[in-house]
Amino acid sequence: MASLGELERSVMELLWSNDAALTANELRDRLAERGEGPARAVATTTVLTVLSRLERKGFVSRARDVRPHRYRALLSREEHTAELMHEVLDRASDRDAALARFVGSVSDGEAAILRRLLDEHTHR
């Protein structure tokens, strides 16, 4: 899975935080409301270009049966994060060492959550 650029991340954040699919104009307006993107307003064509790239990368789907097209995230923010974690682990030359380093860096609370989740996973 490819990493996201700044404007792509902003668009994805908006899609993840909305239950309904959004149009490019709605996304442009919400970016402007949040003060995200360059200092000047982001053009609708720029948002459409970003959405096209995100669609090619498999991050968003486009409803083509309505005009204007509506876009939604294909994965939840949590699913995306989990895929990124797997991608990083897959690239590690020593997966065990990478996992050990990660586990060694978590807080006590995060360690407790990991223990609980691993226990639930093994009891399925």
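**Figure 1. The buried residues of α3 are Val47, Val50, Leu51 and Leu54.** This is a predicted model, in which local features need pLDDT of at least 70, side-chain atom pairs count only at pLDDT 80 or more, and totals for chains, interfaces and linings use all residues. Residues are numbered from 1 along each chain as its sequence is written, and side-chain values use heavy atoms, with hydrogens and water left out. Buried means under 20% relative accessible area, exposed means over 50%, and partly exposed lies in between (1.4 Å probe, protein chains only). Helices (H or I, at least four residues) and strands (E, at least two) are DSSP runs, numbered from the N terminus. Seen down the axis of α3, the buried residues fall within an arc of 100°, so they line one face of the helix. The arc is taken from the directions that run from the helix axis to the C-beta atoms. On the other side of α3, Thr45 and Arg56 are exposed.

**Figure 2. α3 from end to end.** Just after α3 comes glycine 58, with a positive phi of about 85°.

**Figure 3. The cover over α3.** The buried residues of α3 are covered by elements including α1, α2, β1 (60-63) and β2. Look at leucine 51. Leaving out residues up to four places away in sequence, leucine 51 touches Val11, Leu15, Ala24, Leu27, Val60 and Tyr71. Contact means heavy atoms within 4.5 Å.

**Figure 4. α1 packs against α3 at an angle of about 80°.** Their axes are 10 Å apart. Axes are lines fitted to C-alpha atoms, for helices over the stretch in contact, and angles run from 0 to 180 degrees between N-to-C directions. α1 and α3 are therefore roughly perpendicular to each other, a label for angles of 65 to 115 degrees. α1 brings Leu7, Glu8, Val11, Met12 and Leu15 to the contact, and α3 brings Thr46, Val50, Leu51, Arg53 and Leu54.

**Figure 5. The largest nonpolar core has 19 residues.** A nonpolar core is a set of buried Ala, Val, Leu, Ile, Met, Phe, Trp, Tyr and Cys residues joined through side-chain atoms within 4.5 Å. Val11, Met12, Leu15, Leu27 and Leu51 touch the most other members. At least two residues each come from α1 (6-16), α2 (24-34), α3 (44-56) and β2 (70-73). α1 gives the most, with six residues.

Terms used:
Parallel < 35°, antiparallel > 145°, perpendicular 65-115°, else oblique.
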